[in-house]
Amino acid sequence: MRFRPTPTLSQGQAESDSLSLITNDTTEVLVTSIAGAFAACDVWFRGPDNWVGTSPTVTVRLYARHAGARVLIATTALRDALHTEEGGNTGVLVFAARGLQCEGFEVTVQRSGAGINLSGGQFFITGHHSGTDPVVVGSSGLSGLRTVSVSNAVSVVQNQPSSLLATVSQPTASALQATVSQSNAASLLTTVSQPTASALQATVSQSNAASLLSTVSQSNAASLHSTSTQGAAAAASGRWPVYLSDGSAALGSTANPFYTARIRDNSPTFAVASGAVATTAVVSNKSIARLWHPSSSTKRAEIRRIVLSYAGGAGVGPVMFHCLRITSQGAGTPITPVALDFADTSPALSLLSGSTTAPVAGTDWFAITVSGNDSGVYEWTPARSGKPLVLRASQNEGIEVYSDVRVALTTQMHATVSFEWVEI
């Protein structure tokens, strides 16, 4: 929707029609203007309270005209300007511009698409023929470009919500202290910079929730101190944003490092191989290797690799190799595991190669089928997620790999199994 501006009045005043801003019209529209040789102007608003609410947002812009040029002087959200709400109506001092020699001023409005329809609002503009140094009272105006130099301590305080930008700089070495505080919720940005060596202290405080950004920079070497304090850790529901623990102590120290892998990479690690074991040629089972964890050990073993290699004999009958849990050790040729780090000693687990007792029946962890004259290698490793194969602390249990000849062979196969694990 477009609005025709009210014609210029001879006394330097103009007002808009009673405005309506509907939800689906978010275009910027000219609502009032004033023409003449002016150096200053005041822009006011009068209307219902919902024009300064949080939804929708009404943006007001002030333009100046000179020699055919149209220049944006200031812009603000209507709710951020100085205003008074009284009896359902609101009065707003939107802008007060001074020291701008021009041929006229224009006021536009633009609403966001959210919220309700707005109606009954009216803008007023008054032009003046004299003014002071260039300044605009209102959000994002010319006052943001001015530089102020002072010799003593400076405090910048904001007690009403709006956008606050404070920059403090010092060109020569000396003691610099800057304090910026904000008592109400708003967007606060503070920058303190010092180009030469000196003592620098910056304090930024804000009493209510808002977006807060603080930057302190110093280009040359000096005494620069920045302190952030955090209270004592609370219960789990109120802890600091990030806290990593093993249940009794914080992780991340030399004595208690942080592990991202599923297996503790710094735990004692052992390996053992069964040696070559012959399968049977007839249809029957034969144990290749049994890795055993006795109940006398309080260590937990996590298996991270099982490697089965096999060499074919004669005959093409199928041969299966099974891996399953066992609860008794039986007899066989004992083989002592070896540590990957010789500083690790006394492994909890032991190995029996080619046990003569029958394998224990149960459900396979894995099984593969090959031809009786095949040769190859199969490797098992745990998946990236979930638990590995675990032999529990203080439990009599183990892992057995055995061959299962399903059709008689002319000549038996040979196989060997290697295990690798960590003890925790």
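Biologist: What makes E106 and R65 a salt bridge?

Modeller: In this predicted model, local features need pLDDT of at least 70, side-chain atom pairs count only at pLDDT 80 or more, and totals for chains, interfaces and linings use all residues. Residues are numbered from 1 along each chain as its sequence is written, and side-chain values use heavy atoms, with hydrogens and water left out. A salt bridge is a side-chain nitrogen of Lys or Arg within 4 Å of a carboxyl oxygen of Asp or Glu. The closest N and O atoms of E106 and R65 are 2.5 Å apart, so the pair meets that definition.

Biologist: Why is E106 called buried?

Modeller: Buried means under 20% relative accessible area, exposed over 50%, and partly exposed in between (1.4 Å probe, protein chains only). E106 has 10%, so E106 is buried.

Biologist: Why does R65 count as partly exposed?

Modeller: R65 has 31% relative accessibility, so R65 falls in the partly exposed class.

Biologist: Which residue forms a salt bridge with R304?

Modeller: E420 does, with the closest N and O atoms 2.9 Å apart. The side chain of E420 also meets that of R305 in a salt bridge, at 2.4 Å from N to O. Salt bridges that share partners join R304, R305, E379 and E420 into one network.

Biologist: How do you know that G398 is buried?

Modeller: G398 has a relative accessible area of 0%, so G398 is buried.

Biologist: What does G398 touch, leaving out residues up to four places away in sequence?

Modeller: Contact means heavy atoms within 4.5 Å. Among the residues that G398 touches are L291, W292 and W365.
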